[in-house]
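Open the model in your viewer and keep the selection tool ready. Each stop below tells you what to pick next.

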Amino acid sequence: MSILRKLVLTFVLGFCVSTQINAEKVIMREDFNTSIPELEKKGWTLPKGTKLIGNNGDGSCLKITTDQAQYASYCLPIEKGKNYCGKIKVKCFNVKKYKSRDRGAVLFFQLADKNKKWVAGGTFPKGIYGTHEKWVEIIVPYTIKMNSEHGFIQILAGIEGQGTVIFDDLTVKEMSNPLVLQAPENNALLTTSRPEFKWSPKYSGVVLLSQNPSFPENATFSLFSYKPVDCIRPKFALASGKWYWKVKTFYPNFTSKEPFSFEVAPDAPKRPVKIIPLWINKFSSAQPKLTFQIYPQQEIRNIDIKLNGVKGRILSNKNGLVTFEPAQNLNKGAYDVSITVEKQSFDFVYSTTESSNKITFRKDKVMLLNGKPFFPVGAYRDPSDSLHDFSGLHEAGFNVTHSYSFEDQKTADIQAAKNYLELAEKNNIKVFMGINRRKIKDIDTVWVQKFCANLKGQ
């Protein structure tokens, strides 16, 4: 493992946010079976016109009628390191949008600091529109794990838009860590080099694999799933020896309590292999000598390499470390690198273009852009703004911008991105460029590499 620069391998099975909930401790229950003054005394902030109405003899409910966004809010103290979830029952009457982004009848868990001031990281699930005369639940399936910045969950129950909503039976729970590792069992001896990793319950997340129990980043495999699953199998063989594995979930944020270990037998198969390119993020050249590692480490002679369809020359091949060069000097641009090892094919990208900007940091953490201090002051662009108009950014004093336009799943236009960056540079604006989300979800690594390579130098 010591010869490997980076073992971060991605397997994507589509994207989905897990709604698996395992909650034990109820920390708040509100049935609204009281009076408006008593709710306000408890700490509720209620919009003007809020009423309490009867619920067929079963206590009372909160009724909000509005022609714009209105919320009943409550600040609930939380604990560092905890995740939370919640739900509320609603009945809706002619709930509709007032603004294009309104979400109807909603339950949000917004986060606040210890002074009850807003901080990022809240959970804002989709709301409900129309008329629902029978009770419907709105669920907040999870929050992020609370950290030292957080002091409260600001519970928002209300309407984004117009209409009437009746609320009842709000419940907030503290979530427990439900992850249980199942297979390979702890301390198992395996004759296979491609074990199936199993756990429960289903979550979207990542299996971390390392021969070092501390899981250092440069010696750890990451097997991802962006939809809820309870098993993953690597597409390549693991080297013989002792391994450690654990699971980390995305939403909510859980990590299995203790890693399991297993051992791959010395005579376990060493196929299929994985190619690890060692030229990523290296200096670009028209006469490159490029190196890749065959994993598991082994010497294989049947190797074919092409750059944009032109056969490359292998300069050395020893212990699975292969160095090659193109048959001729490369012009400026991005090149498809195709590597075939026996019957396995792998695709990568190499760029001969240097980045036009270099970012470093001084010892005092001041950012340097091309050797000069640069303090980024950025703005997120509203999708309704004109993408190619930078006048508002200049007027407000911003020097960095971000737009979601290039993250849109319907667009994947490299030339449009190049044109945008060129225009931003002419206007002396730096860009935090997003990447097409569909390509990321599909882990189309070759497309992403080409996108980035073609934007180098902009």
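In which strand is the place of Thr164? Select S10, residues 162–175: Thr164 is there. (Strands are DSSP runs of E, at least two residues, and helices are runs of H or I, at least four, numbered from the N terminus.) The model is predicted, so local features need pLDDT of at least 70 and side-chain atom pairs 80 or more, while totals for chains, interfaces and linings use all residues. Residues are numbered from 1 along each chain as its sequence is written, and side-chain values use heavy atoms, without hydrogens and water.

Stay on Thr164. Its relative accessible area is 15%, so Thr164 is buried (under 20%; exposed is over 50%, partly exposed in between, with a 1.4 Å probe and protein chains only).

Next, select Tyr203 and Phe254. Their ring centres are 6.2 Å apart and the planes stand at 70°, so this pair is edge-to-face. (Rings of Phe, Tyr and Trp, the last by its six-membered ring, pair with centres within 6.5 Å; planes under 30 degrees apart are stacked, over 60 edge-to-face, the rest tilted.) Tyr203 sits in strand S13, Phe254 in the loop between S15 and S16, 51 residues apart. Both Tyr203 and Phe254 are buried.

Move to Phe406 and Tyr420. This aromatic pair is tilted, 5.4 Å centre to centre with 40° between planes. Phe406 lies in the loop between strand S29 and helix H3, and Tyr420 in H3, so the pair ties together parts 14 residues apart in sequence. Phe406 and Tyr420 are both buried.

Last, pick Phe197, Trp245, Phe260 and Phe262. Ring pairs link these four residues into a cluster.
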